[in-house]
Amino acid sequence: MSEEILKALMQLFAIIAKQDDAVSDNERLFVERFLKQQLNPEMVAEYYALFESFISDGSQDGGEEKKKKLTSVKDSVKTLSICKKINKTLAQKQKIIVLIRLFELIGEKISSEEGNQRKEIVHTVSDVFNISQEEFIDIENFCQESDFSQFLSFPNFLLVGEGLEKVPDGAKVIENDIDQPIALLRVPSEDMYFLRYSGNSTLSLNGLPVNKTQISLFAYGSTLKLSHGEPIYYSDIHAHFLSSQDIPKLSFEADKLGYKFPNGAVGLQNINLNEGAGKLIAIMGGSGAGKTTLLNVLAGLESPSEGSITVNGIDINEEKDKIEGVIGYVAQDDILFEELTVFQNLYYNAKLCFKDYNEEEIEKAVVKTLKSLGLYEIRDIKVGNVLNKKISGGQRKRLNIALELIREPVILFLDEPTSGLSSRDSENVIDLLKELTLKGKLIFVVIHQPSSDIYKMFDKVVILDVGGYQIYYGNPVNAVTYFKKLSNQINADEGQCAHCGNVNPEQVFNTIDAKVVDEYGNLTETRKVSPKLWNNYFSANIKLDKNEKINEAPPKTLNRPSRIAQFMVFIKRDILSKVSNTQYMLINLLEAPLLGFLLSFIIRYVEDPKGTYHYEQNENIPAFIFMAIIVALFMGLTVSAEEIIRDAKILKRESFLNLSRFSYLSSKVVILFILSAIQTISFVVVGNLILGIKGMDVSYWLILFSISCSANMLGLIISSTFNSAVTIYILIPILLIPQMVLCGAIFSFDKLNKTLSSKDKVPLIADMMVSRWAFEGLAVKQFKDNKFEKVFYELEKAESEADYIDSYWAPRMYSKLDECGSILSKHGNEKQLSADLHLIKHEIIHILSEIPDLKLDISCVVNKPTAIDQNLLSQWREKVKAIEKYNVNKYLQANTQKDEILNNYHSDEVHQKLYEKTKMDYYNESLADLVKKESAKNKILEYDGGFLQVMDPIFQDPRKPSNPLNFRTHLYAPHKYFLNKKIDTFWFNLLMIWFMTTTLFVVLYFNILRKLLTFDITKKLLKFLKK
Amino acid sequence: MRLVLYSGSILMLLLSSGCGSSGEDKDGFSNIAKVDSTGKISAATSELAGQVIKSIPPPVELSAIIKNSGAEYFSDMLNETGNIDRYNTNYLKAANLGVYGADLGYINIYNHKEDALSFLNIVIKLSEELKVGQFFEFETIKRIADNSNNLDSMLNITQSNFEKMNNYLQEQNRSNISTYMLTGGWIEAMYLTTFVAIEKNDKALYEKIGEQKIVLDQIIILLDFYKNDQNALGLAKDLEALRGVFKEVKIETVYGEPTMVEENGMLVVKDNSKTTISITRETVDKIRESVSNIRKKITD
């Protein structure tokens, strides 16, 4: 109490005391006693002197009737100003105490005129203090009425005594054979209790004797000990005042719980708990005793290996859906969005819990929760992280709790809510929990080294010992005596300090943990009492109360919004948290154009040092395409890789809300896709501008965006699969390097390890890489569909096809035929002959099938020949000749047509210039070399019983597959077949990338990779252990 | 939310601008490419063309004479190898293949290995583009180069290769290609010879140039076969102009009775006819100018 307040109080006391002219001895005594309680002896004297001076001040001009009235007006004004001063500094609870003290000062005099005057002053005080009329009357009655049986008709009273008759809607009654009743008053607005007793029996409140002349505050966690019978706890009293509607019907039972860790170690054994509504339970124990394990098992986060946990008869592990929304969990770690403000954190959380609330109601609920947790003032401050602190540790903790509190789950679990908090913050937090239990919540708290005050606030304490043994379950103060008694210590009955009422929970652990002393007086490692023995004592001494059977479903506080609504909340929350992280946004948005600039600037190659830059001659274009793909993959992967792991703790908590994983993932995906779209578009715009790649922006963007998306998906998968950010960053190269290697740009597919490569098609393993589809798609598109090549592509394709037949295929066929001829005449290798004949036959049939125009009688090839002789060979040779001739014509036709076009371009200067400029701007030579495979030494290969065209893959139509689902072709094929449809390579590849992306989403949604990994790893571990 | 909207609209904007740039064809590039021909080859060539081609001596002959005149090697005279990218029509390809071929012959005769290699590559590339690569195989040309000391065998190989190619092209109804090649080669050879002749003021070279009047006539006849080809027509026109200059050259043949002479114990008929060619330096200069103009049209 501050000096000022004390001064003000003295003034108030003086004003009241002097009302009947003479200040009575009683009043003086009261003031003295009051001061003694508050201050040390010297100070008492000082303030008492002050009191006396205030009295004499007023009584100087007293005596006459008129003056008296004047004084009373004067006093009223004085009172008013004093009260206003008090109003500014005292909390409402303290004001109520002040009011009660004032009533005590007046004593029981109410009949006299002076009494009325005093009463009026007190009334004024009460008015200024904003104490409601009803409460004022209650307090007045409570302080002044000496006949306690009068209280029976008032609902805010509770009487402890013998033979008291209950009045409907009247006072609560607790039976006890005490000589005179004890009266308790509840002040509902502040949830305060006051105790008054004037009997002869010895009562002790929190270990201190109750002063019979005084009204005592019955604070939170107080214990009232009577000479006979059970002590009365604060929660018991409070429970009486909660109307039956407020108290949910709840029965929480843990029956013979056992838990084994995945590695086989025992975590818990035979834990039994029975609890109802409105209890605050502490779970305590030395380190490694299994406190958090027990909490997690009780909360249903881990399934027990033995026993069951039921809430109102519903097994929480078996019937999860029925228990949905009943349980809340506050982990030890922070589960806040660092980038959001205090308000936003709570707001989005609330949005996910209350479907039916409109915006206003949600805001109201948030504000209410914030206020009740004392967070309202800091609502607009960003939470920040542990290193970059914006709000204090206690505030963080309270906000974490608020996230759960806002939806008010009936059962709440908290893991060390006070760790790292100052003692004051700790007390605030536990106080808050205590308040909640008074509303009927059941709260379990793992707590470590609580202070005496905190320890006493718990209704019950569960003590675990090493190995997961339950060694105590019951009243916290009694725990001290219980263990003291069992270990035969002196003063075993004394649970708390007789003078200060402090309980030292350390005593309990010292007793449990006591070590055997050896003959030299040194402590050994051996414990006096083993955990098992403590557990035996527990089983023998402590019996669990049976819960009453409750069959109605536990009350739910969760009203989950629809998937779409959840999705929207997730999106908003995520975007808000990303946008408010300026550093993150800046890096993510600038990364792409910066890389685009760096890359394209560096590789903007000009062959002639004096010449100007021409896209046509830039030899780095294929490398640029490759790098663009890698950049897109890299950006996509890094931006997403931490997404889910960062939310891991939040997800763990939100698992109690059973929110839609689909909505959550979709929101992630949508945000990442938007980010990827922006990144890739800026990359493409910058890169293409600098390198002079024209008319390809959309194609580039589509491909890069698509693979960035698939990389996003990959990143999300590893993010939801692995446990730490470090693992994820180690994994990135493992994911990216195969994409680089098997993309087709660095290593030629026909020069890979024999077991992987196939000469005629892209290797299967490469087909599984998005990078390969992207690279091929872009290379083909860029070559085939640029403004320049578009004019010539079809003609050049015809030329190339015909040229292949004429220049490479036909000569090879002739030499095969010659070979056959010579084998025939020399009776050489028969095996070789049949293989060659088969090849020739196969090739003729195949090539003819590609030329529907050429009607050739190939019966001599198809039908089984009567004899294999020179005649047959020459017949076949004729067929090859015919094919060759057809293709010569085809070539010339295409060539002539092309020449005519070219001649058009050369007809005059303007056209010539246009032609040259267009070529320079749109046609890239190295890219052409790449897709035409100019570097290949062999243009044709004998492979798998046929000839394989190596040259000009970009002009080579893939053979139509027999299986409509087979889409595999050679690299740079201009189009692909799928479901008997001819699809342009660019679009097919794009679809392929999206198909893979979708598949990855399915993997992500079902968390398949994680399931695979954990299943496999646990199995292997078990095998290893068995060995 | 606003961010999503903003980024969305920016995206759409960029996309639409991208679409616009790829879709438009403001300069009408692709319109020029529209031709109504179906690619039918005019079968106007005849046996006769083939006969005429065969009668035209290969340009290497002229190069040999240049060297004999004692002139030095001028690499500046040759067509630039960098020009090749510009030759994209069949006409330009063929004519310049002739030009580069003549240059290669000239280089070979002077045995300039370094230039030979780069010109060789050019020749191979162009020939491949014209789909006559098989007649210019690296090995064959290498052999020509190695045989540079033996002019006869070099001429032989070149001639036989050219004939083979000519036959092949004729088979494919593409003898215009060989005509263009031939013309190109001749023009280049003439260009080099006239240049050296003026430089050296070599009478023998003047005469050799004068002799080409007959070759020119033949070439013009040849080009006449392809007069529905704009390129051939243009070339023929230019050559006609050249023929005008050549009118100043007088070729007189004094007929002499053939006599039988015994040589190495064998009887040989000896032609005693004498051809005199009268040509002035001014005429050669005019020819040089005209040839140089035609060459410029082909190579540039």
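Reader: Which residue in β3(A) stands opposite A:L159?

Author: In this predicted model, local features need pLDDT of at least 70 and side-chain atom pairs count only at pLDDT 80 or more, while totals for chains, interfaces and linings use all residues. Residues are numbered from 1 along each chain as its sequence is written, and chains are lettered from A and ligands numbered from 1 in the order in which they are written. Strands (E, at least two residues) and helices (H or I, at least four) are DSSP runs, numbered from the N terminus. The residue opposite A:L159 is A:A183.

Reader: How many bridges join β1 to β3 of chain A, and do they run parallel or antiparallel?

Author: Two strands pair if DSSP finds at least two bridges between them. Strand β1 (residues 157–161) and strand β3 (residues 182–187) of chain A are joined by four bridges and run antiparallel.

Reader: Which are the edge strands of the sheet in chain A?

Author: The open sheet has five strands with mixed pairing, in the order β2-β1-β3-β4-β7. Pairing on one side only marks the edge strands of chain A, β2 (172–175) and β7 (216–217).

Reader: Why are α10(B) and α11(B) called roughly antiparallel?

Author: Axes are lines fitted to C-alpha atoms, for helices over the stretch in contact, and angles run from 0 to 180 degrees between N-to-C directions. Helix α10 (residues 203–224) and helix α11 (residues 230–246) of chain B pack at about 155°, with axes 10 Å apart. Angles under 35 degrees count as roughly parallel, over 145 as roughly antiparallel, 65 to 115 as roughly perpendicular and the rest as oblique. The pair α10(B) and α11(B) is therefore roughly antiparallel.

Reader: What classes of residue make up the contact of α10(B) with α11(B)?

Author: Residues are in contact if their C-beta atoms, placed from the backbone, lie within 7 Å. Among those that meet are B:L216 and B:D224 in α10(B) and B:L239 and B:R243 in α11(B). Ala, Val, Leu, Ile, Met, Phe, Trp, Tyr, Cys and Pro count as nonpolar, Asp, Glu, Lys and Arg as charged, and the others, Gly among them, as polar. By class, the contact has 10 nonpolar, no polar and four charged residues.

Key:
Two residues are in contact if their C-beta atoms, placed from the backbone, lie within 7 Å.
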